[in-house]
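Good morning. Please have a look at the chain on the screen, and I will go through a few places in it.

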Amino acid sequence: MMSSRRLVFAFKVILATVVGVGLGNLIIRGPWSSDNRSFKGIALSHDLSLQIDFGDPVWMRIDQTAHYSAHTDEGGEEYAKLIPRGGHTVQIKDAETGENRVYTVTLFHQLKCLGIIRDDYAEKRPPSSIARHCMNYLRQSISCRPNIRIEPTVNNLGTAVRGYETVCRDWTKLYEEVDKLHGLASDA
């Protein structure tokens, strides 16, 4: 059986990896220039990605944090706040058929999964069926869109440096776009 410290470390590694992959995808993905499909004024690429103007890149520090703890109620609340106010799904009307379709935004699906895994871990219960789905989903997401940036290490084993600077897309723009899709004002 793994010690509590090892489980905390494993959880932090999974969290850092998924957040890094999600943010890395936002950084390296360029908008598709052709074969776009329009849904009620919403531009989607041929792979159904939201087309968002992220503006200028933003500086971000990757480091240890007291936030998102697996052991506190505050950590659970912080995870819950990662999901947009209207939820992780969006309804988009197909311009051709007029039919409303429900989609989940991949980054928010990933973050929701991390929250589910965190909750099982915090309650010291075996992974639920949804947590097992989430582990597989996160593995597939990481494999599909790997973040191939390099990170500094402190030894030959690949132990990552706990603090470094990077440049990311401003993911608050994605939250703003999803709020618009939910019909919510961005200043609330």
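Helix H2 covers residues 73-81, and Glu77 lies in it. Keep in mind that this is a predicted model. Is Glu77 buried, partly exposed or exposed? Its relative accessible area is 47%, so Glu77 is partly exposed. Glu77 also belongs to a negative surface patch, together with Asp73, Glu74 and Glu123.

Next, the loop between H2 and strand S4, where S4 is 89-93. His88 sits in that loop. Buried means under 20% relative accessible area. His88 comes out at 19%, so it counts as buried. Which residues does His88 touch, if we leave out those up to four places away in sequence? They are Ile83, Tyr103, Thr104, Val105, Phe108, His109 and Lys112.

Now to strand S6, residues 164-168, which contains Cys168. Cys168 has a relative accessible area of 4%, so this residue is buried too. How far apart in space are Cys168 and Val58, C-alpha to C-alpha? The distance is 5.3 Å, although the two residues are 110 residues apart in sequence.

The last stop is helix H5, residues 172-181. Which residues of H5 are buried? Leu174, Tyr175, Glu177, Val178, Asp179 and Leu181 are. After H5 comes Gly183, and its phi is positive, near 75°.

That is the end of my part.

Terms used:
Residues are numbered from 1 along each chain as its sequence is written. This is a predicted model: local features need pLDDT of at least 70, side-chain atom pairs count only at pLDDT 80 or more; totals for chains, interfaces and linings use all residues. Side-chain values use heavy atoms; hydrogens and water are left out. Patches are made of residues with over 30% relative accessible area and no salt bridge: like charges are joined within 9 Å, nonpolar side chains (Val, Leu, Ile, Met, Phe, Trp, Tyr) within 5 Å. Accessible areas come from the Shrake-Rupley method with a 1.4 Å probe; for residues, only the protein chains shown count as cover. A salt bridge is a side-chain nitrogen of Lys or Arg within 4 Å of a carboxyl oxygen of Asp or Glu. Lys and Arg count as positive and Asp and Glu as negative; His and the chain ends are not counted. The place of a charge is taken as NZ of Lys, CZ of Arg, CG of Asp or CD of Glu. Helices (H or I, at least four residues) and strands (E, at least two) are DSSP runs, numbered from the N terminus. Buried means under 20% relative accessible area, exposed over 50%, partly exposed in between (1.4 Å probe, protein chains only). Contact means heavy atoms within 4.5 Å.
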